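Please read it alongside the sequence and the structure shown here.

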Amino acid sequence: GRVREGHTASSPVITMISLGKPQGVDRKALEHIRNLTESMLPDEYEEAAVMVNQVECKEPGCPPVETVVSLLVGPDASRKTKIFKAVKDVTDDDIKGAVQALLTGASAPEHAGR
C-alpha cells in the first residue's frame with residue numbers, strides 16, 4: 001500500500017473516524033436525506049452532487065454516529081455539514097437545517113456540543 005510521509009509500512013495509522021459502511025445503516029433513510037436535500041436546493045445547484053454518509057466517531061466528545069451531508073458544487077468547491085444523529089433518526093427539520101447550513105456556508109462543529 002501507499003505509505004504516508006512520516007509513516008513506515010510497518011507503523012499503523014490510527015483513524016478516529018470510520019468511513020466504512022457500518023452495519024445496520026438504513027439505506028432508505030440515506031436516500032430520503034439525499035433526495036430531500038436535493039429538492040431543497042435552489043436551481044443554481046442543479047448540477048451539484050449531494051452525498052450523505054453515516055460515520056462512526058470514536059473521539060472523546062463525539063457522538064457514536066453522525067450523519068454528514070456534503071454538497072459538491074465543483075472540482076474545488078465542496079461544503080459539508082453534520083447532523084449529530086444516526087441517519088435513521090434524522091428528521092425533515094434536521095435536513096432543512098442542514099441545507100440552510102450548506103447554503104450559507106456555516107461550518108459545522110466537528111463534534112456535538114462544540
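Met40 counts as partly exposed, at 31% relative accessibility, where buried means under 20% relative accessible area, exposed means over 50%, and partly exposed lies in between, with a 1.4 Å probe and protein chains only. This is a predicted model, in which local features need pLDDT of at least 70 and side-chain atom pairs count only at pLDDT 80 or more, while totals for chains, interfaces and linings use all residues. Residues are numbered from 1 along each chain as its sequence is written, and side-chain values use heavy atoms, with hydrogens and water left out.

**Met40 and its surroundings**

- Met40 lies in helix H1, where helices (H or I, at least four residues) and strands (E, at least two) are DSSP runs numbered from the N terminus.
- When neighbours within four places in sequence are left aside, Met40 is in contact with Asp92, Ile95, Lys96 and Val99, contact meaning heavy atoms within 4.5 Å.
- With Lys96, which is 56 residues away along the chain, Met40 has a C-alpha separation of 7.6 Å.

**Packing of H1 and H2**

- Two packed helices are described by the angle between their axes and by the distance between the axes.
- The axes of helix H1 (residues 27-40) and helix H2 (residues 92-104) come within 10 Å and cross at roughly 50°; axes are lines fitted to C-alpha atoms, for helices over the stretch in contact, and angles run from 0 to 180 degrees between N-to-C directions.
- H1 and H2 are therefore oblique to each other, given that angles under 35 degrees count as roughly parallel, over 145 as roughly antiparallel, 65 to 115 as roughly perpendicular and the rest as oblique.
- On the H1 side of the contact are His32, Ile33, Leu36, Thr37 and Met40, which meet Asp92, Ile95, Lys96, Val99 and Leu102 in H2.
- The residues of this contact divide into 6 nonpolar, 2 polar and 2 charged, with Ala, Val, Leu, Ile, Met, Phe, Trp, Tyr, Cys and Pro counted as nonpolar, Asp, Glu, Lys and Arg as charged, and the others, Gly among them, as polar.

**Other residues in the helices**

- Ala29 also lies in helix H1, and Ala29 is buried, with a relative accessible area of 14%.
- Gly97, in helix H2, is partly exposed, with a relative accessible area of 38%, and its C-alpha atom is separated by 9.0 Å from that of Ile83, 14 residues apart along the chain.

**Tyr45 in a loop**

- Tyr45 is placed in the loop between H1 and strand E2 (49-57), and Tyr45 is buried, with a relative accessible area of 16%.
- Residues up to four places away in sequence not being counted, Tyr45 touches Leu71, Val73, Arg79 and Leu103.
- One of these, Val73, is 28 residues apart from Tyr45 along the chain, and their C-alpha atoms are separated by 7.1 Å.

**The chain as a whole**

- The secondary structure comes to 2 helices and 4 strands, and from the N terminus on the elements run β-α-β-β-β-α.
- Buried residues make up 31% of the 114 residues in the chain.
- Among contacts between residues at least 6 apart in sequence, 48% join residues at least 24 apart.
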